[in-house]
Amino acid sequence: MVNEKLPGIVLVDDLRSFVDGRVAQVARTSRAGIEALERPRGQRLDELWLDHDLGDDDTIWPVVEVSERAAFEGRPFDVGVVYVYSANPAGSEKTTQALRRWGYHVRSAAGSPYVGYQSEAE
């Protein structure tokens, strides 16, 4: 098996992407977001960008719960900064509070110019 280096940035959003050209692993569902987090434990994730509402009945909450469980078990994910940028203020606040409670470095990025809708689908 080839040890392939994954991007140090993960974006979990059902519709938006980075519009500034940065390289990132994009997860469109909470399940894909969990898979992105469960990368080899020895590999640091510099940035984790989270949208709360992921379409249909999906939200970021399963990703938050997996992150909480990992921290509770004494093996939190190695994430430099978690950016929460959702247009859902209540969901953003709940996400931020939950992750901060477990020691993750979380910043609000509501209205970030770095994340937006692209004219073409990926």
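**View 1. Arg-22 sits over the face of Tyr-114.** The distance to the ring centre is 4.9 Å; to count, NZ of Lys or CZ of Arg must be within 6 Å of the ring centre and within 35 degrees of the ring normal. This is a predicted model, where local features need pLDDT of at least 70 and side-chain atom pairs count only at pLDDT 80 or more, while totals for chains, interfaces and linings use all residues. Residues are numbered from 1 along each chain as its sequence is written, and side-chain values use heavy atoms, with hydrogens and water left out.

**View 2. Trp-49 stacks with Tyr-83.** Searching the whole structure turns up 4 aromatic pairs; a pair here means rings of Phe, Tyr and Trp (its six-membered ring) with centres within 6.5 Å, called stacked if the planes are under 30 degrees apart, edge-to-face if over 60 and tilted otherwise. In this one, the rings are 4.4 Å centre to centre, with 20 degrees between the planes. Trp-49 belongs to strand E4 (residues 45–50) and Tyr-83 to strand E5 (residues 79–84), so the pair ties together distant parts of the chain, 34 residues apart; helices (H or I, at least four residues) and strands (E, at least two) are DSSP runs, numbered from the N terminus. Trp-49 is buried at 3% relative accessible area, and Tyr-83 is buried too, at 14% (buried is under 20%, exposed over 50%, partly exposed in between, with a 1.4 Å probe and protein chains only).

**View 3. Phe-72 and Trp-102 meet edge-to-face.** Their ring centres are 6.0 Å apart and the planes stand at 85 degrees, which is why the pair gets that label. This is another link between distant parts of the chain, 30 residues apart: Phe-72 is in helix H2 (residues 61–72), and Trp-102 is in the loop between helix H3 (89–101) and strand E6 (106–108). Phe-72 is exposed at 63% relative accessibility, whereas Trp-102 is partly exposed at 32%.

**View 4. Helices H2 and H3 pack roughly parallel to each other.** Their axes, lines fitted to C-alpha atoms over the stretch in contact, are 9 Å apart at an angle of about 10 degrees. Angles run from 0 to 180 degrees between N-to-C directions; under 35 is roughly parallel, over 145 roughly antiparallel, 65 to 115 roughly perpendicular and the rest oblique. Contact (heavy atoms within 4.5 Å) involves Trp-61, Val-64, Ser-67 and Glu-68 of H2, plus Lys-94, Thr-95, Ala-98, Leu-99 and Arg-101 of H3. Look for Lys-94 over the face of Trp-61, 4.3 Å from the ring centre.
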